[in-house]
Amino acid sequence: MNDQWTTRLSEYIDGELDRTEQAALEAHLATCGQCYATLGELRQVVARAKSLSDTPPATDLWMEIAREIRREKAPARRDRLVRRRFSLTVGQLLAASIALVLLSGGGAWLALQPLASSEPTRFGGSTPRPRVGQVVTWTGHTDAAIADLQTALTQNEKRLDTATVRIVRENLAIIDRAIADARVALQKDPGNAYLNLHLANTMRRKVELLRRVNDMAAARS
Amino acid sequence: MPRQVLEDTLTADSIAADSALAASGDATAFERLYRTHVARVHTLVRRMLDADEADDVTQDVFIRAWQKLATFRGESAFGTWLHRLAVNVVLARRKSVGIERGRFINDAEPLDGVTSKPVTLELSMDFEEALASLPEGARQVFVLHDVEGYRHEEIARMLGVVPGTSKSQLHHARMALRRHLER
């Protein structure tokens, strides 16, 4: 089992021999039953490795993780922003607050543009630019689009199978929770650019999901 | 749209939503991410290290993920990002417990621990047990290459060895494991 080719069998399986080496090994395999058998076994090992399944830990590790992250309060992004805020001068704070307000409104408007262009009957070219600091106002058109799509889904979902409806509802619930969380956070900090963008992106995700499911139901009619 | 494709899309959507929420400090969203990915992370850690370290290291992976979520920009799937983070934590652990690079490279007979066992015992072991009994260098290369799909060049960079060493360890691992194929 120690001829010069045995150690090259794995490279052969992985396609890492050059053409000359490959031809020489194949010529050897034609005459060496032991190497040929070993090659078959190694191929089975590779296939077995790919079929291994994942198993969860025997005990739930979340409690310890939750305890640790509670100490941290929030991921690094929030810590960095807080630290930076306290290091600014009054002039820098003023400039930053103006930029933040502009970014908040503009970012949300930009994030909502694909909705406007793909919903001509409702948004046809006249989507108003969101007013700075008025969070409830800029979500109005998207809220209306979502309401329409949800009404359509209520009528269409009988065309979908039960499992699909269940998955769609679960995912809509997740997105709704995210939207609700973002709205609560924005009530406390209406000018926060990150929260505005996050809300806009989450609402867009909901619209996209509703459209996809409605399209799928329509295709089955 | 086929149902499986829809399910995958919806799952990806909810994971993306949860990763954004978690990055903004939502621990409930992070728990959902934990529940979705813990089996994959724990299995990777258990195969790469000793089983008795798996729980501690898995917790460490998720705590670091929470700390680093602000750096996750959604350019790859969250699962891919988390998996790479887990590999990095495992490799850092490997160094911290004193498994020095020289020993890895110079491990001339990496399979002594396996081949010296009685044949009857070898044949009674299942594939996972046999994998766990491999010497660490061979086991980690095998897991990274054959189970996780990394290339030799990537493995060599991660482990601080040359690609030839990675290839050699992989072949030794496969040769040992072929005795434990279920018959």
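Modeller: Two residues are in contact if their C-beta atoms, placed from the backbone, lie within 7 Å. The structure discussed here is a predicted model.

Colleague: Which helices do the buried residues of helix 3 of chain B pack against?

Modeller: The buried residues of helix 3 of chain B include B:Val57, B:Val61, B:Phe62 and B:Trp66. B:Ala54, B:Thr58, B:Gln59 and B:Ala65 are buried in helix 3 of chain B as well. Their packing involves both chains: the partners are helix 2 and helix 4 (78-96) of chain B, together with helix 4 (62-72) of chain A.

Colleague: How far apart are the end C-alpha atoms of helix 3 of chain B?

Modeller: Helix 3 of chain B has 15 residues, and at 1.5 Å a residue its span should be 21 Å. The expected span is 1.5 Å times one less than the number of residues. The model agrees with this expectation, since the end C-alpha atoms of helix 3 of chain B are apart by 21 Å.

Colleague: Which helix of chain B gives the most to the side of chain B that touches chain A?

Modeller: In the contact between the chains, 44 residues of chain B meet 42 residues of chain A. At least two residues each come from helix 1 (3-23), helix 2 (27-48), helix 3 (54-68), helix 9 (136-147) and helix 11 (163-177) of chain B. The most, 10 residues, is given by helix 1 of chain B.

Colleague: By class, how many residues on the side of chain B that touches chain A are nonpolar?

Modeller: That side of chain B has 12 charged and 9 polar residues. The nonpolar residues there number 23.

Colleague: Are helix 9 and helix 10 of chain B oblique or roughly antiparallel?

Modeller: The axes of helix 9 of chain B and helix 10 (residues 152-159) of chain B come within 10 Å and cross at roughly 140°. Angles over 145 degrees would count as roughly antiparallel. Helix 9 of chain B is therefore, relative to helix 10 of chain B, oblique.

Colleague: Which residues of helix 10 of chain B make the contact with helix 9 of chain B?

Modeller: The crossing of these two helices of chain B is right-handed. Helix 9 of chain B contributes B:Gln140, B:Val141, B:Leu144 and B:His145 to the contact. From helix 10 of chain B come B:His152, B:Ile155 and B:Leu159.

Colleague: Is the crossing of helix 10 and helix 11 of chain A left-handed or right-handed?

Modeller: The axes of helix 10 (residues 162-188) and helix 11 (residues 193-219) of chain A come within 9 Å and cross at roughly 160°. That angle makes the two helices of chain A roughly antiparallel. By class, their contact has 13 nonpolar, 4 polar and 3 charged residues. The crossing of helix 10 and helix 11 of chain A is left-handed.

Colleague: Is A:Leu17 buried or partly exposed?

Modeller: A:Leu17 is found in the loop between helix 1 (9-13) and helix 2 (19-29) of chain A. Not counting residues up to four places away in sequence, A:Leu17 touches A:Arg8, A:Glu11, A:Tyr12, A:Gln22 and A:Leu25. A buried residue needs 20 or more other C-beta atoms within 10 Å. A:Leu17 has 17 and is therefore partly exposed.

Methods: Residues are numbered from 1 along each chain as its sequence is written. Chains are lettered from A and ligands numbered from 1 in the order in which they are written. This is a predicted model: local features need pLDDT of at least 70, side-chain atom pairs count only at pLDDT 80 or more; totals for chains, interfaces and linings use all residues. Helices (H or I, at least four residues) and strands (E, at least two) are DSSP runs, numbered from the N terminus. Ala, Val, Leu, Ile, Met, Phe, Trp, Tyr, Cys and Pro count as nonpolar, Asp, Glu, Lys and Arg as charged, and the others, Gly among them, as polar. Axes are lines fitted to C-alpha atoms, for helices over the stretch in contact, and angles run from 0 to 180 degrees between N-to-C directions. Angles under 35 degrees count as roughly parallel, over 145 as roughly antiparallel, 65 to 115 as roughly perpendicular and the rest as oblique. A crossing is left-handed if the near helix is turned anticlockwise from the far one by less than a right angle, and right-handed if clockwise. A residue is buried if 20 or more other C-beta atoms lie within 10 Å of its own, exposed if 12 or fewer, and partly exposed in between; C-beta atoms are placed from the backbone.
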